[in-house]
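Work through the exercises below with the coordinates at hand. Each task is followed by a solution in steps.

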Amino acid sequence: MQESKQFLPVLLRVQEKGDSSVPLTRNHIKGLIMDLVMAGMDTTAVTLEWVMAELIKHPETMVKIQEELDQVVGANNVVEEKHLSSLRYLSAVVKEAMRLHPASPLMLPRTPSQTTTLGGYSVPKGTRVLVNTWATVRDPDIWEKPNEFIPERFTTSDRKWDFSGNDFDFFPFGSGRRICPGISMADRMIMYGLATLLHSFDWRLPDDTELDLSERFGIVLKKAEPLVLIPKPRLSEMTFSSFLS
């Protein structure tokens, strides 16, 4: 019988074998799993908030997304995972929000295994290296109108614009061996969450409230002020009841 190569079973096998070079306890495994889950939840929630904030600022973009949802999902249906691959404009909006507001603006620290030369500078072995993705995605030499929210840039270009980390102009999940292991989960969670919210509701700011897009810089790039919105159902009563159930 072939052994599972999934992350948790591998950790449990290492623990059972008692390899002294990699000491693992149940608490170590719990900590690793908790770090993975919390990291995925936090960055996903932050990205959802930034997308919704940009859509409030650009209501014409929200209308375009809802038109796509009505065409792909239907006005008398609810969003399902099978619809996500057909929501191309929503995907472009998500990518543009990730570009303007990268959840991890400096990625995670990296350490070169050997001394190397990068851009004419010697980087000694063991140096802690941070990659400033926030600056990369706002570089005017790379991006046209880099500080503007323009989702169409991801629909009109011939470039692939995926999350594989092979394009160093756009790599929100990192690159190489240390690329984020939760790309598929994050992509589906963000797309499904946004599609459901935008298909089921219209959104607006509370009265006498102004939109604030200020950033609070940290390991995760959050809004300085949490986003508060008021929903209004846009589905039929029967469909909305099905959605709630």
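The model is predicted, so local features need pLDDT of at least 70 and side-chain atom pairs count only at pLDDT 80 or more, while totals for chains, interfaces and linings use all residues. Residues are numbered from 1 along each chain as its sequence is written, and side-chain values use heavy atoms, with hydrogens and water left out.

**Exercise 1.** Find the cavities of 30 Å³ or more and describe the lining of the largest cavity.

Solution. Step 1: set up a 1 Å grid over the protein atoms alone; a cavity is a set of points where a 1.4 Å probe fits but cannot get out, and lining residues have an atom within 4 Å of a point. Grid points are joined across faces, edges and corners, and a volume is the space filled by probe spheres set on the points. Step 2: search the whole structure, which gives one cavity of 30 Å³ or more. The largest cavity holds about 50 Å³. Step 3: list the lining, which includes Met-98, Arg-99, Thr-133, Asp-169 and Phe-170. Step 4: sort the lining residues into seven nonpolar, one polar and two charged. Here Ala, Val, Leu, Ile, Met, Phe, Trp, Tyr, Cys and Pro are nonpolar, Asp, Glu, Lys and Arg are charged, and the others, Gly among them, are polar.

**Exercise 2.** Is Lys-95 buried or exposed, and what is the nearest side chain of opposite charge?

Solution. Step 2: Lys-95 is buried, that is, under 20% relative accessible area with a 1.4 Å probe and protein chains only. Step 3: Lys-95 has no salt bridge, and Asp-162, the nearest side chain of opposite charge, is 7.2 Å away. A salt bridge needs a side-chain nitrogen of Lys or Arg within 4 Å of a carboxyl oxygen of Asp or Glu. Step 4: beyond neighbours within four places in sequence, the contacts of Lys-95 include Phe-154, Trp-161 and Phe-170 (heavy atoms within 4.5 Å).

**Exercise 3.** How many salt bridges does the structure hold, and which residues does Arg-159 pair with?

Solution. Step 1: the count is 12. Step 2: Arg-159 meets Asp-167 at 2.7 Å, N to O. Step 3: Arg-159 also forms a salt bridge with Asp-169, with the closest N and O atoms 2.9 Å apart. Step 4: another salt bridge joins Glu-81 and Arg-188 at 3.1 Å. This pair links distant parts of the chain, 107 residues apart.

Note on methods: On a 1 Å grid over the protein atoms alone, a cavity is a set of points where a 1.4 Å probe fits but cannot get out, and a pocket is an open set with protein on both sides within 12 Å along at least five of seven lines; lining residues have an atom within 4 Å of a point. Buried means under 20% relative accessible area, exposed over 50%, partly exposed in between (1.4 Å probe, protein chains only). Lys and Arg count as positive and Asp and Glu as negative; His and the chain ends are not counted. Helices (H or I, at least four residues) and strands (E, at least two) are DSSP runs, numbered from the N terminus.
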